[in-house]
Amino acid sequence: MYACDYGLGAILRISPDGECETFINGYEGKRFNRPNDLAFDNNGNLFFTDPKSYGNDKLDGRIFRINLKSKEVTLLVDSVAFPNGIAFSPDGKKLFVCESAKNRILNFDVEANSSLTNMNVFTELPGGDPDGIAFDIEGNLYAAHFGGGAIYVISPDGIIKQKIITPGKKPSNVE
């Protein structure tokens, strides 16, 4: 199992017997900012978001890929306003990333070599920050709306289908 450690600025690996170790803690000799969320592609590569500052005009967040076998770290995208939740489409051809500070969800095409191209705004959410995301088997995207007190259900074409009110005001993840 792999986990983001926001405080340490690292990706951790946890063995089946519970042993925890730092797997990767930086890029080009510098520690990661604040790893937040992660997802695996169909090739077994680990993708994760690495926000830094929070603000609509603070474009210092990044998206990375780690080859688990070689431990090679690749910076895929930079200049994102607090990248947060991350998930692959059910067919693995698109990567979705919450750009929380701008209240929107981005998507990218995933190329055969696991690089990302063609960044687009998939949808914008009204007020509050999109956080954790996950897909259902029909291709609908569920987005925890931190600060908005809801889970949004978004169709494959980016249209909000449903708003599910949560008991708390800060839902952060869905699965």
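Visitor: What is the relative accessibility of S79, and how does S79 count on that basis? From there, please turn to strand β16: how many of its residues are buried?

Guide: The model is a predicted one, in which local features require pLDDT of at least 70 and side-chain atom pairs count only at pLDDT 80 or more, while totals for chains, interfaces and linings use all residues. Residues are numbered from 1 along each chain as its sequence is written, and side-chain values use heavy atoms, with hydrogens and water left out.

S79 has a relative accessibility of 43% and therefore counts as partly exposed; buried means under 20% relative accessible area, exposed over 50%, and partly exposed in between, with a 1.4 Å probe and protein chains only. S79 belongs to strand β9, residues 73–80. Strands are DSSP runs of E with at least two residues, helices are runs of H or I with at least four, and both are numbered from the N terminus. Although S79 is not a glycine, its phi is positive, at about 65°. Most residues other than glycine have a negative phi. N118 in strand β13, residues 116–124, likewise has a positive phi without being a glycine, at about 55°. With a relative accessible area of 48%, N118 is also partly exposed.

Strand β16 covers residues 150–154, and five of the five are buried, so the strand is largely enclosed by the rest of the structure. In a regular strand the side chains alternate between the two faces of the sheet. In β16, A150, Y152 and I154 point one way and I151 and V153 the other, all of them buried.

On one side β16 is joined by five bridges to strand β15, residues 141–146, and the two run antiparallel; strands pair if DSSP finds at least two bridges between them. Within this pairing, A143 has Y152 of β16 as its bridge partner. The hairpin of β15 and β16 has three residues between the strands, and G147 takes a positive phi near 85° there.

Strand β17, residues 160–165, is also joined to β16 by five bridges and is antiparallel to it. Here Y152 has K163 as its bridge partner, and I154 stands opposite I160. The hairpin formed by β16 and β17 has five residues between the strands, with G158 in the turn at a positive phi of about 85°.

These strands belong to an open sheet of four, ordered β14-β15-β16-β17 and paired in antiparallel fashion. At its edges stand β14 (129–135) and β17, each with a single partner strand, so one side of each has no neighbour in the sheet. From one strand to the next the twist averages 25°, where axes are lines fitted to C-alpha atoms, for helices over the stretch in contact, and angles run from 0 to 180 degrees between N-to-C directions.

The chain has a radius of gyration of 16 Å, which agrees with the value near 16 Å for a compact globule of 175 residues; the radius is taken over C-alpha atoms, and the globule rule is 2.2 Å times the number of residues to the power 0.38. Buried residues account for 50% of the 175 residues. Of the contacts between residues at least 6 apart in sequence, 39% join residues at least 24 apart, a contact being heavy atoms within 4.5 Å.

Two arginines in other strands are also buried. R104 lies in strand β12, residues 104–110, and counts as buried because its relative accessibility is 17%. Its side chain makes a polar contact of 2.5 Å with the side chain of E99. A polar contact is a pair of N or O atoms within 3.5 Å; within protein, one must be able to donate a hydrogen and the other to accept it, and residues adjacent in sequence count only if both atoms are side-chain atoms. Beyond its neighbours within four places in sequence, R104 is in contact with residues including V97, V121 and P130. R65, in strand β8 (residues 61–66), is buried at 14% relative accessibility. The side chain of R65 reaches the backbone oxygen of S114 at 2.7 Å.
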